[in-house]
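Here is a short walk through one protein model. Keep the sequence and the 3D view side by side as you read.

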Amino acid sequence: MARRRGKVLGTALCGVALAAALVWWRSSPAEPPSIVLVSIDTLRPDHLGCYGYSRNTSPALDRLAREGARFKTAVSSTSWTLPAHAALFTGLPDRVHGCGNEQRWLDRSRFTLAEALQQAGYHTAGFYSGPLLHRYFGLSQGFDSWTECTSYREQIDRMIREWRYDPRIEEQAFRDVTNPIVLAAVRAWIESAPRRPFFLFIHLWDVHHDYIPPPPYDALFREGTTARPGDGSREDLISRYDGEIRWTDATLAAIFEALDRRGLKDRSILLVTADHGEAFFEHGHHGHRFTLHDEEVRVPLLVRYPGRLPAGLCIEPPVSLIDIAPTLLDLAGLPPLPAALGRSLVPLLEAAGTSATWKERPAISEFRDHRQMLALRLERWKLIADLTSGTVQVYDLERDPGEHSPLGAADPSVPAAALAAHWERTVRQLDAAAARLPVPQTRDWTGLPEVHRRHLRSLGYLR
Ligand SMILES: [Zn+2]
């Protein structure tokens, strides 16, 4: 197919003027590119060098950011693993994909990125290392292979077979050490990767609580802290969290190297993100799945695709996790997911983040758990509505990036009419999408392994 070349003027790098002009190569290779999508569980962007962190936690990710595009503000659909990954794969907000607290699986009627790529002839392979990505929860839809990299496979399989939740799984997951298992499995896969385009999904878990990096990463960021190892202080937790990030970054570097050795790195789209962040007592909590504040819902978003994306781009407008699947399909030259509410970020990338035609739209985060909450994130403003208590908080992120001083509706600086319009539009859009795509109340079990189906039949769940 012919190669077309386009040109776009850009000023980016977050305020620092980039080169006067960026040459945009719009290539249409004969074969669609392979795609590598990495989700690093619980990774806060502000703990990465490329997002301005002072500690050297992320040399490999910093390099990726230098060689590709970095989205300054990417926002997850929520603050916990399962619905966030469902949003990542479907391009749908939590309320519409329906996978979360009320229904703990992604229904088979939902169409995923992996299914779209599989239908387009891609070989699709997933590797995961946390319990909520088990095949049971439906995130493996569309993957030719879905490889478990935990060390408690037997227990989780038994739990599902016996139809009984075992809380010890969570403890096991927190303590689990999975980076070496993922690395070995992914390396072996890359070494025999098929020649045709592939979609490789990698979920890395070890940044997740309870932060037990191996030496030397456990002591790497202790210098200058007064915390004793394991004393549970904020300083101790953060130094160990940062150690996990550095270790995971080294794991990623080894994966990128394996791709490079086979000549696959430069021919593939590499995209790295996270499912949610992690709170370190900013609003009284440690962990996630408590609030929709930025420390819990902001995620990194880096994408590298040489030949198509210029290096060193920084994109300012807020974007959402639900935009990732549409963006990857667009970059690969494939049709969009028919029902996705996320939108392709390619126009924004093409315009180096400064597109006048890019219409600002709030990134939505939801909490559909013991509390019902909906947050709208704009470049400057953030609105968090607690639907359970009927309260609304508005934050001016320019003056209050930590979200500590909510402004009242009567505050003259609040653009109340504009926020109300965004709110109305968003709620209307969510309502319409949810009506179009109702979540079935009974589960379609056809994707389950036969052993599980036999057991469910014996319990009367299946005929
Ligand atoms: Zn998670």
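Which residue just after α10 takes a positive phi? Gly333 does, with a phi of about 75°. Keep in mind that this is a predicted model.

Now step back into α10 itself, residues 324-331. Seven of its eight residues are buried, so the helix is largely enclosed by the rest of the structure. Buried here means under 20% relative accessible area. The buried residues are Ile324, Ala325, Pro326, Thr327, Leu328, Leu329 and Leu331.

Next, look at the nonpolar cores. The largest one holds 104 residues. Within this core, Leu37 and Phe199 touch the most other members. Helix α8, residues 234-261, supplies the largest share of the core, with 10 residues. A second core of 18 residues is separate. Ala87, Trp381, Ala385 and Leu430 are among its members.

Return to Phe199 and see what surrounds it. Set aside its neighbours within four places in sequence. Phe199 is then in contact with Ile35, Leu37, Leu113, Ala114 and Leu117, among others. Its contacts also include Tyr122, His123, Thr124, Ala125 and Phe143.

What is the make-up of the lining: how many residues are nonpolar, polar and charged? Four are nonpolar, four are polar and 11 are charged. Domain 1 (33-350) and domain 2 (363-436) each give at least three residues to this lining.

Conventions
Residues numbered from 1 in each chain as written. Predicted model: local features only at pLDDT ≥ 70, side-chain atom pairs only at ≥ 80, totals over all residues. Heavy atoms only, no water. Core = buried A, V, L, I, M, F, W, Y, C linked by side-chain atoms within 4.5 Å. Buried < 20%, exposed > 50% of the residue type's maximum accessible area, 1.4 Å probe, protein only. Helix = DSSP H or I, 4+ residues; strand = E, 2+ residues; numbered from the N terminus. Contact = heavy atoms within 4.5 Å. Nonpolar A, V, L, I, M, F, W, Y, C, P; charged D, E, K, R; others polar. Domains from an automatic or database assignment.
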